[in-house]
Amino acid sequence: MTAAVAIAGALLAVQASAPAQASTGSLFGSGSNPVLFVHGYNGDGSNWNTMADRFRADGWPSSHLRQWTYDSRQSNTVTAQQLSTEVDRLLAATGATQVDIVSHSMGGLSSRHYLKNLGGTSKVDAWVSLGGPNHGTDTANSCFDTSCTEMRIGSSFLIDLNSGDETPGSSRYATWWSPCDTVINPDSSVSLSGAANSRTACLSHTGLLTDATVYAQTRDMINR
């Protein structure tokens, strides 16, 4: 296996087998927003099946849960432009005024670029990063797609993204990082100044997608 294939496999967000647990009552209310899920490098929208099922079990209608798929090899700036269109589509389809974004791994970078540089803060109420390489990761040194090189520590993309305010606008920001995540190195890369930064139990990089505690904390963070 080549290094590039290995890192692609490591960064792939896989669908988990854990079943969703139904809530005793709907937690979706008049103040709840539609949720746009943004996967990581070499992933796709199905990576969110477990979490989306849990949101549905807690009362979110399927129309308010968008498991977006995009070409994760392209520059995160291109993805951010496509994300802007996707946000507008979700708002139009639901009649909502804002969305919540839940991202995994590299998905946090394009969505942060959208918030910071493309006016996204006016349309995003809450933004979540699960295991995001917000300040880079050394595992990206072994892959060479444009998006992957942007994840390298000290890349020009990250220098620009992290310059000034790391959590701009009125959107609410939160990150979750695991001490056992071997894909994001160093662990401190995930946390952002101005965000609510949380340490999880000993979870793998993909385990962040399916852990019941991380789900509940994410749900409660965006739904307030």
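1. Helix α3 passes helix α4 in a right-handed crossing. A crossing gets that name if the near helix is turned clockwise from the far one by less than a right angle, and left-handed if anticlockwise. Helices here are DSSP runs (H or I, at least four residues), strands are runs of E of at least two, and both are numbered from the N terminus.

2. Before going on, please keep in mind that this is a predicted model, where local features need pLDDT of at least 70 and side-chain atom pairs count only at pLDDT 80 or more, while totals for chains, interfaces and linings use all residues. Residues are numbered from 1 along each chain as its sequence is written, and side-chain values use heavy atoms, with hydrogens and water left out.

3. Axes are lines fitted to C-alpha atoms, for helices over the stretch in contact, with angles from 0 to 180 degrees between N-to-C directions.

4. Which residues of α3 and α4 meet? On the α3 side they are Asn-76, Thr-77, Thr-79, Ala-80, Leu-83, Ser-84 and Val-87, and on the α4 side Leu-109, Ser-110, Ser-111, His-113 and Tyr-114. Contact means heavy atoms within 4.5 Å. Sorted by class, the α3 and α4 contact has five nonpolar, seven polar and no charged residues. Ala, Val, Leu, Ile, Met, Phe, Trp, Tyr, Cys and Pro count as nonpolar, Asp, Glu, Lys and Arg as charged, and the others, Gly among them, as polar.

5. Now look at α2 (residues 49-57) and α7 (residues 212-222), whose axes come within 11 Å and cross at roughly 55 degrees. These helices are therefore oblique to each other, and their crossing is right-handed. Met-51, Arg-54 and Phe-55 of α2 touch Ala-212, Tyr-215, Arg-219 and Ile-222 of α7. That contact holds five nonpolar, no polar and two charged residues.

6. Finally, visit Asn-197 in strand β6 (residues 196-199). Asn-197 is partly exposed at 32% relative accessibility (buried is under 20%, exposed over 50%, partly exposed in between, with a 1.4 Å probe and protein chains only). Asn-197 and Thr-175 lie 22 residues apart in sequence, yet 4.8 Å apart in space, C-alpha to C-alpha.

Notes
Parallel < 35°, antiparallel > 145°, perpendicular 65-115°, else oblique.
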